[in-house]
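Work through the exercises below with the model open. Each task is followed by a stepwise solution.

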Amino acid sequence: MKERWSDSDIIDDNQFQLVLDTMPGRVFWKDLNHTYRGANLAFARDIGFDSVADIIGKTDFDTSASQDQMQAFVDDDRAVMSSGMPKLRIEEPQTRADNRTYWLETNKIPLKDSDGNVIGLLGTYHDITDRVEARQEIEYQAVHDQLTKLPNRRYLMSRIEALDQMPNRSNWGALLFLDLDQFKQVNDSLGHQVGDCLLQLVAERINSTINVAQGVCRTGGDEFSVLLEDLGSDESLALQSATNRAESIVNGLAAPFYVNEHCLYIGVSIGLTLISPRSKYLQSKLREADVAMYEAKAQGQNIVQSYSEEMRLRTDRCYSLQNRLRQAVQTGGFNLVYQPQVDVDGTLICAEVLLRWNDDELGSVSPLEFIPLAERTGAIHAIGDWVLDAALQQIVDWESRFQLAPTFKLAVNISAVQFSDRNFVNKIKCAVASYGAAASRLELEITESLLLENEDNILIALNELRAAGFNIVIDDFGTGYSSLSYLTYIPFNKLKLDRSFISRIAADKHQHGIAMAVTMLARTLNVKLVSEGIETSEELAVLATLGSDLFQGYYFAAGLPSSDFAKRYLIE
Ligand code: C2E
Ligand code: MG
Ligand code: MG
């Protein structure tokens with residue numbers, strides 16, 4: 001080999017090989033029979049040879065590549081040589097003599113003679129393993145949860161999408177949604193580190209209990225899901241199998257978890273929905289499993305609940321009620337009706353203010369349906385304020401136009417949830433003052449069952465309200481199923497015997513007995529007893545004989561719009 005270059009030099013074979021061996025990439029060329037005719041040293045080493053000379057005359061089948069890879073190389077080569085078109089920037093794996101798989105970016109270009117005939121193929125490549133592995137890591141992280149190493153929600157979605165697009169499915173499947181019960185308490189009381197460890201242990205335990213490859217995902221903070229794809233072709237067996245597996249998770253998680261020095265117990269609520277082989281648009285399954293999971297929570301937690309169509313209708317209804325209710329609170333879709341309360345002579349004593357909601361889309365919705373919902377969502381505060389305001393406006397209006405008996409009152413229903421607003425008492429007092437009304441014009445009805453739930457703050461508020469001159473009424477008396485001891489410390493003026501003790505009073509000895517006992521109780525406690533829900537003269541006669549002081553019910557009138565009420569009961 002010459003040691004120096006001169007201008008007239010034409011590159012000789014040795015120099016040519018030196019250049020090839022010095023370049024950072026790999027280069028090789030083959031003839032039409034796929035036989036190597038030349039290469040650089042780096043390439044020879046990649047495929048398991050010590051020198052370039054050793055590979056001349058060999059084919060891919062003599063190298064360290066795997067059978068599959070060899071076939072892929074040969075197929076590619078053939079395509080390039082027969083078409084005469086290059087294939088550029090092909091990403092492909094290569095297993096080398098050290099048995100590791102490397103990633104290559106390869107170019108394959110047809111070699112042509114001076115007449116343009118293809119006589120072989122020139123290949124070049126460089127190692128892009130780092131780049132590919134970095135990309136694979138990013139791709140892995142995008143579909144896996146870092147904490148538990150389980151696949152994540154995105155992965156679940158892609159599996160569901162793939163299942164959706166699979167033609168001719170024959171097996172039933174199921175999707176389970178798991179939500180840990182009271183996990184937040186662990187986080188709040190023991191800290192996030194303990195919470196994280198617990199999640200890792202829970203993930204491991206679910207995985208080992210259910211044992212479905214890549215089937216368990218962590219889909220949210222304390223939410224997991226399991227996709228079961230091969231539950232056979234029989235629907236009821238599929239349901240049985242999915243339920244059994246879900247129950248095995250509930251049972252599996254029942255054993256304690258040990259995190260540091262803590263021994264922790266955690267429950268799980270599981271929603272289950274079946275995936276029929278004919279189901280399409282499987283995204284909807286996510287919602288179904290979610291709905292079933294919430295049902296499991298509502299039913300006391302730590303159980304499995306299967307999705308049903310009836311459940312969906314109920315949830316849809318609840319969802320649209322919530323939405324419409326929110327709108328009604330803002331745009332004022334409510335109005336009030338007034339139901340008279342009379343004494344034994346039929347004299348008007350009071351009117352209960354009853355809320356009505358007539359929605360443009362849902363029609364008329366009963367307060368029995370929307371008040372509990374408003375209590376759960378907190379909308380009750382705004383609704384309660386509106387009722388109080390409208391009732392006060394009404395009483396002031398009636399006072400100015402009619403001769404109201406000085407003792408006439410409006411009875412407004414108050415939800416126990418409203419008492420959670422610390423400013424509630426003050427709010428009522430201010431509202432009454434701002435309308436220039438007297439506190440004695442208002443009666444506040446509180447349902448017994450709710451009253452029992454959080455006595456303390458309510459008790460303080462009730463005492464303040466009583467002291468300010470408001471009448472307090474215990475509504476739906478008898479439905480609270482609890483100790484009567486609260487009667488001794490809650491300051492109230494009236495008891496309302498619930499309609500459920502009245503509806504069969506003439507025929508049912510027990511109802512009669514309860515009504516009698518409550519009448520005596522009211523008398524002993526020196527409060528008035530109102531019998532509510534009176535529909536017949538018979539009911540009225542029995543209750544009047546027993547000594548009930550006041551009466552309310554359809555027998556006299558249902559809730560009436562303000563003008564009808566005034567026409568029937570008020571004197572100008
Ligand atoms: P409640 O306070 O016990 O009201 C009495 C309910 O019994 C009213 O139902 C009334 O229309 C009904 N009722 C009256 N007489 C009869 C009768 O003879 N037969 C029968 N079958 N029913 C009768 P409504 O208006 O549907 O109210 C239901 C419940 O919704 C109320 O029970 C009350 O707990 C709640 N509610 C109504 N308005 C309001 C409100 O403004 N605020 C709050 N927080 N709750 C309200
Ligand atoms: Mg009431
Ligand atoms: Mg009632």
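**Exercise 1.** How are the donor residues of the magnesium ion (ligand 3) spaced in sequence?

Solution. The spacing is D-D-x55-E. The model is predicted: local features need pLDDT of at least 70, side-chain atom pairs count only at pLDDT 80 or more, and totals for chains, interfaces and linings use all residues. Residues are numbered from 1 along each chain as written, chains are lettered from A and ligands numbered from 1 in written order, and side-chain values use heavy atoms, without hydrogens and water.

Step 1: list the donors (N, O and S atoms within 2.8 Å of the metal, 3.2 Å for Na, K and Ca; water is not among the atoms, so sites may look incomplete). They are D475 (OD), D476 (OD) and E532 (OE), at 2.0 to 2.4 Å.

Step 2: D476 lies in strand β18 (residues 471–477) and E532 in strand β20 (residues 528–532), so the pair ties together parts 56 residues apart in sequence. Strands are DSSP runs of E, at least two residues; helices are runs of H or I, at least four; both are numbered from the N terminus.

Step 3: check burial (under 20% relative accessible area, 1.4 Å probe, protein chains only). D476 and E532 are buried.

**Exercise 2.** How far apart are the magnesium ion (ligand 3) and the magnesium ion (ligand 2), and which residue coordinates both?

Solution. They are 4.1 Å apart, and D475 coordinates both.

Conventions:
Buried < 20%, exposed > 50% of the residue type's maximum accessible area, 1.4 Å probe, protein only.
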